[in-house]
Amino acid sequence: MPMQFLSLPTASSPTSHLLPPKPFFKPLSSASASASSFRRPSQPPPPPPKPSPPPPPPPPPPPPPLPNPLASKLWLSSKLSPPPPPPPTQAPPRPPPPPLEPEPEPEPAPCDDEDFRQKGKVFVGNLPLRVRKAEVADFFRQFGPLDKVELVRAHDDPERNAGFCFLYYSSAEDGEAAAEVDGVDFRGRSLTVRLDDGRRGRARAEDRARWVDHGRRREPASPWHRSRDEACREFRGVVESRPHDWQAVVSAFERIPKPSRREFGLMIVYYAKRGDKHHARATFENMRARGIEPNAFVFTSLVHAYAVARDMRGALSCVEEMKAEGIELTIVTYSILIAGFGKINDSQSADKLFKEAKTNLGDLNGIIYSNIIHAHCQSGNMDRAEELVREMEEDGIDAPIDAYHSMMHGYTIIQDEKKCLIVFERLKECCFTPSIISYGCLINLYVKIGKVAKAIAISKEMESYGIKHNNKTYSMLISGFIHLHDYTNAFSIFEEMIKSGLQPDRAIYNLLIEAFCKMGNMDRAIRILEKMQKERMQASNRAFRPIIEGYAVAGDMKRALDIFDLMRRSGCAPTVMTYNALIHGLIRKNQVERAVSVLSKMSTAGITPNEHTYTIIMRGYAANGRMQSALAVTREMSSQKIMRNTFIYNILIDGWARRGDVWEAADLMKQMKEDGVPPNIHTYTSYINACCKAGDMQRAEKVIEEMAGVGLKPNLKTYTTLIKGWARASLPDRALKCFEEMKLVGLKPDEAAYHCLVTSLLSRASVMEGSTYTGVLSVCREMFENDLTVDMRTAVHWSRWLHKIERTGGALTEALQRIFPPDWNSLEVLGEVSDSVNTGDSDYSSDSDLSDGDENQDADDN
């Protein structure tokens, strides 16, 4: 009713300004007063007026006022703005009414326990100590739907209960039906089933009344309660002020006499931020052992601990446990799960959870959208990320700045410079101030695409806006210069970081170790590692792996194995990449059996070899001609569900090509096509090499035609292989023709092509005449014009064969000596050449050193 009066103000009357003033109140009869008392509360009686001298004669009465149609609706406004009191009348003052005696307050009726009974609540006693909550719920669900089951757990053993529980039914009838089975046998025990007697509710009501009695004055707390509150405040203070000191946090928590759900939840949150899933789970079970049932917040914090530790299987098991307790997943729980799957690059599972959250919750916020966008950007699925951005805008959700950063990071991964800059400009248009993360995404983009100069320009622009570098941006710039092998500028960036007052972290030291290892300065890399250990900085695989690879590449396997042992003694567990570096070094030293023993050590350590591990072993067997062992490796890969790809087929075909077994190579080509694996240019080149080794040049020409049919053009290595094949087949004219065809298609011969052509022709012709002699002469002159010089070993070979062609010298001898090394004419070298020619040294008796390798027979074939 009052809202109806407010809807018609007095100013809405068209004649209100024309009517004479009318008193706000008028005498009302008793009947009307009682009828309107529900609309206007009665005012307290005004004080009696003081006696005054007789007033002057009253003025003539005014004319009767016109009736106001809104007079009956002015009572609320008069209530809000009371009018002045009416002038006193000539009537004699009335005596003041006698004071009213206060009515005695009715005494509250004594409450019985019946009044505090909770409908549908049932007590169940004498339960088996090892029974589960789900088993109790399944048994008592036959009497009606259950809202909740409270199974009280024992204090000393979390796996055991206290022997009783409380059931909460949806209706009182269902609870009464359950109470009728008092004494029923359950798992060998006679259960006590009773309805709620109300004693617990009455005790709570009395406690509540005692606290609010006498003006809500609280009774003084006991010393135990005061000490507990002080311990709780101290614990919260330590968590907020010293989160890095985990020992102080744990000690403060243990000093709480009886932690509540709040303190247990804060402790689980603390362990979750550290990614300590084991201690988080132990705290969770300790809370349940004390009879405190977890809520959605505590379960979500436990899920967060598993997600930070990247154990998503454990996180999903917590979710299943949460659902078994009848607790629904919140939007925070879904957001944490999606972010966890995004960290492990499992965008499919994250997308599945996102759709489930949208179905169950309906309205989502910008945080969960930001997490799912980050998950797809992390995996490089930018089409789905763009679709989610459009969906978020259609729903009217404002994207947080983290969503923009995730999109920039995704475009950095796929190296899309244009779209990354569009997102950066859009970020500024939406009134977001670019932060160091925004500029860091741009720096990382230009470093990945090799435009380090633009990255430097972005860093200077960032500094012009007053944003200082941090260790992350400096590490990006140093990494960019290291990838370009520009170590001078990389070290200058490091010196600039030191001058700015920043101290190197573990990532910076790892980059310095990588730079020194690539430079071959292993001593400096070892000193950086020792400096990390002096600063009590835990070295990771990123620090040890480059050192192991550096020693392996240099052939110093003893030092590589020593560093490997040092890594394990330092508490750093080797990864599959570390083992791969060690195996690769052993393969380079032709220690295949030792590399295989390292493979068995990987399995013992619980590390599963990946595809790269098997391919390293396979290449070692293929390089030594042990093809049956290489095929055994492929069978092991098949048992590990690693399918053959183009790279694996190339290793096998190249291994058979080294042995000149064109039939095995042809079978692999056929099997490759049947498996649907597309061959590439390296596959065809290896197959052509097998044909050339077998002397089957007609098959090699058919392979060239097949390449043209699938749209592949021969490259420089393919032509070089053909030239060697034609020369091996004693067809020098075809070799020279193939060399000219290579130049006609736009390929520029490199030093290897020149060496292969000249070596092949010189080694297989004792007397050169006609076009062959002219062709070799023109090739030698072309090499001289291109400033190409052969090494001393090649010069010795060519000189030996040249003596068989031109014993007394000639134009070819003169042309070849022009591309020999400068110290060729020294007496010592001439003496070595003369001795090798006269004695027929076996080291130069064949062209095996210049071919793909000796055709060793595999012991496995015998």
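Guide: Happy to. Let's start with an open sheet built from four strands, in the order 2-3-1-6, with antiparallel pairing. Keep in mind as we go that this is a predicted model. At the edges of the sheet you'll find strand 2 (146-153) and strand 6 (192-195), each of which pairs on one side only. On average, neighbouring strands here are turned by 20 degrees against each other, if you ignore direction. What holds such strands side by side? In general, strands of a sheet pair through backbone hydrogen bonds, and they can do so in a parallel or an antiparallel way.

Now zoom in on one of those pairings. Strand 1 (residues 121-125) runs antiparallel to strand 6, and the two are joined over four bridges.

Helix 4 lies across strand 1, strand 2, strand 3 (161-169) and strand 6. Its direction makes an angle of about 140 degrees with strand 2. Helix 4 covers residues 133-140, and lysine 133 is part of it. Is lysine 133 buried or exposed? It counts as buried, because its relative accessibility is 18% and the cut-off for buried is under 20%.

Helix 29 (residues 611-623) and helix 31 (residues 646-658) have axes that come within 9 Å and cross at roughly 5 degrees. The two helices are therefore roughly parallel to each other. On the helix 29 side, the contact is made by Glu611, Thr615, Met618, Arg619 and Ala622. Facing them in helix 31 are Phe647, Ile648, Ile651, Leu652, Gly655 and Arg658. Sorted by type, the residues of this contact come out as six nonpolar, two polar and three charged.

Conventions:
Residues are numbered from 1 along each chain as its sequence is written. This is a predicted model: local features need pLDDT of at least 70, side-chain atom pairs count only at pLDDT 80 or more; totals for chains, interfaces and linings use all residues. Side-chain values use heavy atoms; hydrogens and water are left out. Buried means under 20% relative accessible area, exposed over 50%, partly exposed in between (1.4 Å probe, protein chains only). Axes are lines fitted to C-alpha atoms, for helices over the stretch in contact, and angles run from 0 to 180 degrees between N-to-C directions. Angles under 35 degrees count as roughly parallel, over 145 as roughly antiparallel, 65 to 115 as roughly perpendicular and the rest as oblique. Contact means heavy atoms within 4.5 Å. Ala, Val, Leu, Ile, Met, Phe, Trp, Tyr, Cys and Pro count as nonpolar, Asp, Glu, Lys and Arg as charged, and the others, Gly among them, as polar. Two strands pair if DSSP finds at least two bridges between them.
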